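Student: I have a model open and want to go through it with you. Can we start with the charged pairs?

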Amino acid sequence: ITGHQAPLLWDLGIDGSGVLIGNIDSGTYWPHPDLVNRVWVNPGEIEGNGQDDDGNGYIDDIRGWDFDNDTNDVTATDSDSHGTKSAGIAVGDGTSGRSTGMAPGATMVVTEVETEADYWLAHQYLIDVGVDVITSSYSWKWPSSPRPDYHMNRQLCEMELAAGIIHANSIGNQGNLTTT
């Protein structure tokens, strides 16, 4: 990674170790060599037993939850997906010899969303898991149809702040779109 000053922090021993990040995006190819050691494993679940061991309403949510398909499989099928890229920017540890993420010592909970309602559920899930940071490069902008519910999104951000969670969100790639 170039163009940022993260290496200065890494040289001081600050690499995100001990930080739990929640990623809201289109799913993540978590077996990627740069991510596999950075993805959260739910300590309250027993993988593959088909039960909700931690009692949170999600069966076998080992690495997070896919709110789009209502399943524990958060693995994006395309290893070059948007969610995989955003996860790599956050926590990629450089195992495969490629550039590392901003916080290569942090751990990431993966969520997958498709709709704004999924997005809200993912926020609540990550609050309940106890993440320190929520990052999302997946959001709804005013030109979207239907229009996004900014009031609900504001309430989510206020809940996160009250819980002591830092939230970082994309501002979009809609520079060429105009509103009517």
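Student: How far apart are the closest N and O atoms in the salt bridge of Arg 63 with Glu 47?

Tutor: This is a predicted model, where local features need pLDDT of at least 70, side-chain atom pairs count only at pLDDT 80 or more, and totals for chains, interfaces and linings use all residues. Residues are numbered from 1 along each chain as its sequence is written, and side-chain values use heavy atoms, with hydrogens and water left out. A salt bridge needs a side-chain nitrogen of Lys or Arg within 4 Å of a carboxyl oxygen of Asp or Glu. For Arg 63 and Glu 47, the closest N and O atoms are apart by 3.5 Å.

Student: How many residues apart in sequence are the parts that this pair ties together?

Tutor: Strands are DSSP E runs of at least two residues, helices are H or I runs of at least four, and both are numbered from the N terminus. Arg 63 lies in the loop between strand S1 (20-25) and strand S2 (64-66), and Glu 47 lies in the loop between S1 and S2, so the parts tied together are apart in sequence by 16 residues.

Student: Is Arg 63 buried or exposed?

Tutor: Buried means under 20% relative accessible area, exposed over 50%, and partly exposed in between (1.4 Å probe, protein chains only). Glu 47, at 52%, counts as exposed. Arg 63 has 16% relative accessibility, so the label is buried.

Student: How many salt bridges does a search of the whole structure find?

Tutor: Side chains of opposite charge can pair when their charged atoms come close. Glu 158 pairs with Arg 154, with closest N and O atoms 3.0 Å apart. The search of the whole structure gives a total of 2.

Student: What separates Glu 158 and Arg 154 in helix H4 (residues 150-162)?

Tutor: Glu 158 is partly exposed at 43%, and Arg 154 is exposed at 55%. The two are 4 residues apart in H4, so the separation is about one helical turn.

Student: At what angle do the axes of helix H3 (residues 116-129) and H4 cross?

Tutor: Two packed helices are described by the angle between their axes and the distance between the axes. Axes are lines fitted to C-alpha atoms, for helices over the stretch in contact, with angles from 0 to 180 degrees between N-to-C directions. The axes of H3 and H4 come within 11 Å, and the crossing is roughly 10°.

Student: Which label does that give H3 relative to H4?

Tutor: The contact (heavy atoms within 4.5 Å) includes Trp 120 and Ile 127 of H3, and Leu 156 and Met 159 of H4. Angles under 35 degrees carry the parallel label. H3 and H4 are therefore roughly parallel.

Student: Where does Ser 86 sit, and which residues does Ser 86 touch beyond four places away in sequence?

Tutor: Ser 86 is in helix H2 (residues 82-91). At 9% relative accessibility, Ser 86 is buried. Leaving out residues up to four places away, the residues touched are Asn 23, Asp 25 and Ser 137.

Student: What is phi of Asp 60?

Tutor: Most residues other than glycine have a negative phi. Asp 60 lies in the loop between S1 and S2 and is buried at 7%. Its phi is positive, near 55°.

Student: What is phi of Asp 70?

Tutor: Asp 70 is in the loop between S2 and H2. At 58% relative accessibility, Asp 70 is exposed. Its phi is also a positive value, near 50°.

Definitions and conventions: Parallel < 35°, antiparallel > 145°, perpendicular 65-115°, else oblique.
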